[in-house]
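Hi,

Here is the structure I promised to pass on.

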Amino acid sequence: MVAVETLSADEMQSRTKAAREKLDAHTVELVQWHFHESTGCPFWLEQKAGLNFDPLTEVKCFEDLRKFPLFEDDWLRGGPARRWVPKAYEQSPTYIFETGGTTGVPKSRVVIDDFRIDYENFSHTLPDEYFPKGANWLMLGPSGPRRLRLAVEHLAQYRGGISFCIDLDPRWVVKLIKKGWMEHLEAYKQHCIDQALTILSAGHDIKCMFGTPKLIESLCLELEKQGKSFKDTGITGIFSGGTEFTPQWTRFCVEEYFGGPPEVSGIYMTPTYGNTLMGLAASKPVTAADGYKISYYAPEPRAVLEVVDFDDPNQVVDYGATGRVKLTTLTKEFFVPGFLERDEGERELPYAKYPWDGVSGVRPYHATASATTVGVY
Amino acid sequence: MLEIPVLRFGQPYDSLEKDEVKHFITGEPIAKVSQANGGIIQRDVRKAQQARDALREIPPAQLLEMITKAADLYLNAELPLGNGTQTPDDFAHQQSASTGLPEHMCKGNMAKNSFVLTNMNKILDCLTRGLDINILSRGYGIENRGVVVSYQAQSPVLAAVLPSNSPGVHTLWLPAIPLQIGLVLKPGPQEPWTPYRIASAFMQAGIPKEAFAIYPGGAEAGAAVLAACDRSMIFGGTPTVERYRGDHRVQAHGPGFSKILLGDDVVDDWEKYLDIMVESIYINSGRGCINCSGIWASRHTKEIAAAIAERVGPAEALPPQDPNAGLAAFTVPGMAKAVWGMIEADLKENGVTHATEKFGSRLVEKENCAYLRPTIIHCSSPANAVASKEYMFPFSTVVECPQAQMIDKIGYTLVGTAITEDEAWIRQLSDCVHIDRLNIGPIPTTRLNWLQPHEGSIIDFLFRGRAYQMSEERMAKLGLK
């Protein structure tokens, strides 16, 4: 049983204050790391020369990060990728994870251990009752040069299991949509589902999975066509994510495909929010009583999500108000001092387990939504 | 506030996602419409056969009686709608408020739908070329001439992804019910009103609720409807038509590019046909695919353009309740301005003249909406870019083109009215495959004979003729011999 935790106002305030102090200290430590000649990466050391302030002396808390100009993800396109590797990690084995890239040069992020750390942290948010330790996983998501494929595999391994993956090229999916080849799109989706059904029927004792909303839905539909239900797969824990993971979609899956809430069906599904630039934002428990509302909380202090004014990215909106999602990443491997995501949502109050601001109702940013193509992934 | 649920084969479903339909002038919310996610549609449609099964429990003749009753209920009754009810006046007011169509035009469209429902038996008789409708119901039977025939339904439901801007299109899916084919409708975001009111009238008249699914929603819902159903209609622009060209599961309805062609034998008497030209361009605020967007003639074109401009050019944007309102508002922000921008760009081309210019600005911008007043443009050649354009308001070009070149140059034409008595040309026009509906003689493009098929026969779309052989004994047993 996963319940929403509530605290007294005093206790909540105390936790929030402590979290903020931790974030401020972490910010100072990380800025020192990224802008010191002995540890920083060539990109930020070069940028430092063009700043009108000295990050080493003038960043004393998280708020001071607003002195930086907004991060432009176009900086991540093209090489040399090593300009992003901090000096301290020069000799470490380095991964490159890509995002986008259906046409043109994709955006790339170098990673040494961050994906492992992020997913290990996320692992601690998963209820063991539904994500049993030692259980095997199905990875029903993108393959190729994506963080997600390795990250889910590491999550499974960290929890003592093995991850079984399908082959899925999301760039081809986006191309099919843009070309209007809907028949091919359906066929490719079916190809992915066929792979998943094969894995599930092969005696691997899979109990947990990652899936994109569209593929989870397709898997459930295909199982029904075969006269089965999702429960018959034996999977009890699902994690998914993205802007398609809406309250209505959650309710639909819970009521119609899973056979009820976790305490009745034995199936627990949790949403996540994240991308290659950050770790994984977990969600407050999603319940029918709360209208299946989905509120995300970044893994502070390694990453921070803020909901900011559409016209002033340095101004956080009031609680409950709508704004654009702004991301800050603060790890030793990667520094993003403020990046405007292509999403918007409502600012949420801190939660007991995550005593800092959250964001709910995440959806594509209204000004660019019509140009966004959402594939099966 | 009025709350309209998703209708899942007769079962109302209150979604967590709702779209607010707003009044185009005041911005006031009129209704909250539950939005269906794609998964709901895909899952429901797996059980679509139940819709056809429920309809097949009722003999076609009885269904036709119910439809006649529904025609009256649709036009005159206070009907259940979501968490409230709706009178005919409410309907016209609500439809006008969300689509920008003047209220009297909304009522006109109600009358059109009701007429089609009332005359459904005649329409089906014509569309089936006199086939006994029980043969379609059973799937096989014996024709009058004593031959076994079989027509097999290709889908238990007809789906339609409907537009917001043209309430006239609803007549196209109405024949599905007496053919015992269920309905899966995805309304246009601003026009949920007609599908819900017709479904409500049908249900009140005794037609099983299991036959109706209505899924309001965004692009995802439309895509899910098209993916899940084996026979769908979709309404959209040229890219939509292109996307589904050749897909036997989808009947795509796009812009009409409807035209009036004046033959060399009658063009010197063009003034006799002025009323027909004006009606074809102006009626229903020029919104339909059957409205004329091009008048083609070999001579007198400047005079024709000037005369039409004199008649339609002065029309003003009037409030939607005004019985004299002839223009519908553009309710999507920025759309009217963008359309006018495209027209202005085309007006810069040599040989293009704006005939309605002297009647004042065409673009009228209000606080929450905008209007485009009737626009007539003269083209000295079919090569002018604007000669092949169509817009959603009273807009037409008058194109100078030798008669001998007309058929080659007009391009796709949904309704072509050819005013001529030149038999040789009529033969060529009758053979021309890029004219869909052909009117020979002075018939407005907008005046449809409901006994004729529209953009392909719905019977051919929904049923497939096939071989069906039975032994003598079986035919005797079934009383077919």
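**Domains of chain B**

Taken over C-alpha atoms, the centres of domain 1 and domain 2 of chain B are 31 Å apart. Keep in mind throughout that this is a predicted model. The domain assignment for chain B puts residues 2-254 + 455-466 in domain 1 and 258-440 in domain 2. Where the two touch, domain 1 of chain B contributes 17 residues and domain 2 of chain B contributes 19 residues.

I looked at the domain 1 side of that contact in a bit more detail. Helix 4 (88-99) and helix 5 (103-118) of chain B are the elements that supply two or more residues there, and helix 5 of chain B gives the most, with three residues. By class, this side of domain 1 of chain B has five nonpolar, ten polar and two charged residues.

Strand 8 of chain B pairs with strand 9 (residues 148-153) of chain B over three bridges, in the antiparallel sense.

**A helix pair in chain B**

Next, have a look at helix 1 (residues 38-45) and helix 9 (residues 219-228) of chain B: their axes are 8 Å apart and the packing angle is about 20°. That angle is why helix 1 of chain B counts as roughly parallel to helix 9 of chain B. The crossing of helix 1 and helix 9 of chain B is right-handed.

From helix 1 of chain B, the contact uses B:Gly38, B:Ile41, B:Gln42 and B:Val45. Helix 9 of chain B answers with B:Glu220, B:Ala221, B:Ala223, B:Ala224, B:Val225 and B:Ala228. Sorted by class, the contact between helix 1 and helix 9 of chain B comes to seven nonpolar, two polar and one charged.

**Where chain A meets chain B**

Over to the interface: 15 residues of chain A are in contact with eleven residues of chain B. On the chain A side, the elements giving two or more residues are helix 7 (182-200), helix 8 (213-225) and helix 9 (247-258) of chain A. Helix 9 of chain A gives the most, with six residues. The chain A side that touches chain B splits into six nonpolar, four polar and five charged residues.

**Helices 7 and 8 of chain A**

Helix 7 of chain A passes helix 8 of chain A in a right-handed crossing.

Helix 7 of chain A brings A:Lys189, A:Cys192, A:Ile193, A:Ala196 and A:Leu197 to this contact. From helix 8 of chain A come A:Leu215, A:Ser218, A:Leu219 and A:Glu222. The contact of helix 7 with helix 8 of chain A has six nonpolar, one polar and two charged residues.

Cheers

Note on methods: Residues are numbered from 1 along each chain as its sequence is written. Chains are lettered from A and ligands numbered from 1 in the order in which they are written. This is a predicted model: local features need pLDDT of at least 70, side-chain atom pairs count only at pLDDT 80 or more; totals for chains, interfaces and linings use all residues. Two residues are in contact if their C-beta atoms, placed from the backbone, lie within 7 Å. Helices (H or I, at least four residues) and strands (E, at least two) are DSSP runs, numbered from the N terminus. Ala, Val, Leu, Ile, Met, Phe, Trp, Tyr, Cys and Pro count as nonpolar, Asp, Glu, Lys and Arg as charged, and the others, Gly among them, as polar. A crossing is left-handed if the near helix is turned anticlockwise from the far one by less than a right angle, and right-handed if clockwise. Domain bounds come from an automatic or database domain assignment. Two strands pair if DSSP finds at least two bridges between them. Axes are lines fitted to C-alpha atoms, for helices over the stretch in contact, and angles run from 0 to 180 degrees between N-to-C directions. Angles under 35 degrees count as roughly parallel, over 145 as roughly antiparallel, 65 to 115 as roughly perpendicular and the rest as oblique.
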